[in-house]
Amino acid sequence: MYTYSNKIKDVVALKAVVLGCGLVGSVIAKELAKDFEVTVVDANKKRLDELASETNIKGVVADLSKPEEIKKVVTDQEIVIGAVPWSMAEAVLRSVFKAKKNIVDISWESSEREDFLALDKLAKENGVTAVINMGVSPGMSNLIVGYVDSLLDKTEKVLILVGSLPEKREWPYEYKITWSPEGLIDEYLTPARFKECGKIVEKPALSDVELIDFPEIGTLEAFNTGTLCSLLYTINAPYMKEKTLRYPGHAEKMHMLRETGFFNKEPIEVNGVKVRPFDLTAKLFSSKLKLKEGERDLTVMRIIIEGKKDQKKLRYTYNLLDYYDEETKTTSIARTTAYPCAIVARLVAWGEYRNPGVNPPEYLGRDHKIFKKIIGELKKKNIVFKEKVKVIEE
């Protein structure tokens, strides 16, 4: 299925373009600048100027909602990295495919099989290798699930627990955002999709709260969110679920706000002025929940996969605990999202991974050479997934 190349990097640096100069896009750009001639494209000139002042990265101001602008900025590039808001991601992918450029993307998280197949067809028609969802979760979670699934004769259960948290807990929410408040609220509005008895089911976000102990940081609560994205139709396991991790009490507070109407998107009238509660709440969250400069965060993830191999029932457990990087002043969520993306971008650009079409990370996980390369490169960044394998039934 895959072809490899032992191609040595050219003396002249290859060109890479990062579409989006947000928290993660800027970190991807800095990482790739070690090996590539990097251009970053965004509509926000201030962000680009700040990045350019710290590095030799070139900034280009452009409207990435316009296909003609995308075509212009990717034309002479060897590899494209997508780091735009999720609402723009699919349109950006289509434009890049039509420009016949390979891309590694962190933004597109569709769980609809039809959307996946349509984009896969377009990528193949244009000979494009596209790796999607290549962050932490979705991303590394998918990669690990794909790897273990390829080891087992039959995968029976997948559980993904993941959260990005402030190291210091502060009242009232004991949570800080490193991404958009609108995205956070949408996560708490969107029904969770998972698999039970081989069927896709839905439950409200924030439901099924349970307490789980993590020895190094204490007790966290886990609740339903997410859609499992491509895993819903690429992994043949009857039970699969993803839950978000927060400090205890967070889910109840968010549930209360949602049920009171603070997340509603329909305008209401207040003293003769119409306002969307959603917009007001997002505005308040943007200041109250914003991670301050230098404030330490952490990323915690536990992946449990159970299945059968040679008549034995096995349980694979992978644990990740990552902290803010004091030396580079990089948040943990940016590290754990940006570095996997940058590693895979190198593999695609250098010809070590080629598979025309849309490739979710679980596809890369099935290729053991690629899997071990990614895990090894992350270890060099002190992002370590600790593996434990246990026989639970003979």
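What share of the contacts in the protein with a separation of 6 or more comes from residues 24 or more positions apart? The share is 69%, where contact means heavy atoms within 4.5 Å. This is a predicted model: local features need pLDDT of at least 70, side-chain atom pairs count only at pLDDT 80 or more, and totals for chains, interfaces and linings use all residues. Residues are numbered from 1 along each chain as its sequence is written, and side-chain values use heavy atoms, without hydrogens and water.

**Fold and dimensions**
- The protein has 13 helices and 18 strands, taken as DSSP runs (helices H or I, at least four residues; strands E, at least two) numbered from the N terminus.
- Its radius of gyration is 21 Å, close to the 21 Å that the globule rule gives for 394 residues, so the protein is as compact as a globular protein of that length. The radius is taken over C-alpha atoms, and the rule is 2.2 Å times the number of residues to the power 0.38.
- The C-alpha atoms fill a box of roughly 65 × 55 × 45 Å along the principal axes.

**Burial**
- Of the 394 residues, 55% are buried (under 20% relative accessible area, 1.4 Å probe, protein chains only).

**Confidence**
- Mean pLDDT, the predictor's confidence in each residue from 0 to 100, is 92, and 97% of the residues score at least 70.
- Where pLDDT is low, predicted coordinates should not be read in detail.

Terms used: Buried means under 20% relative accessible area, exposed over 50%, partly exposed in between (1.4 Å probe, protein chains only).
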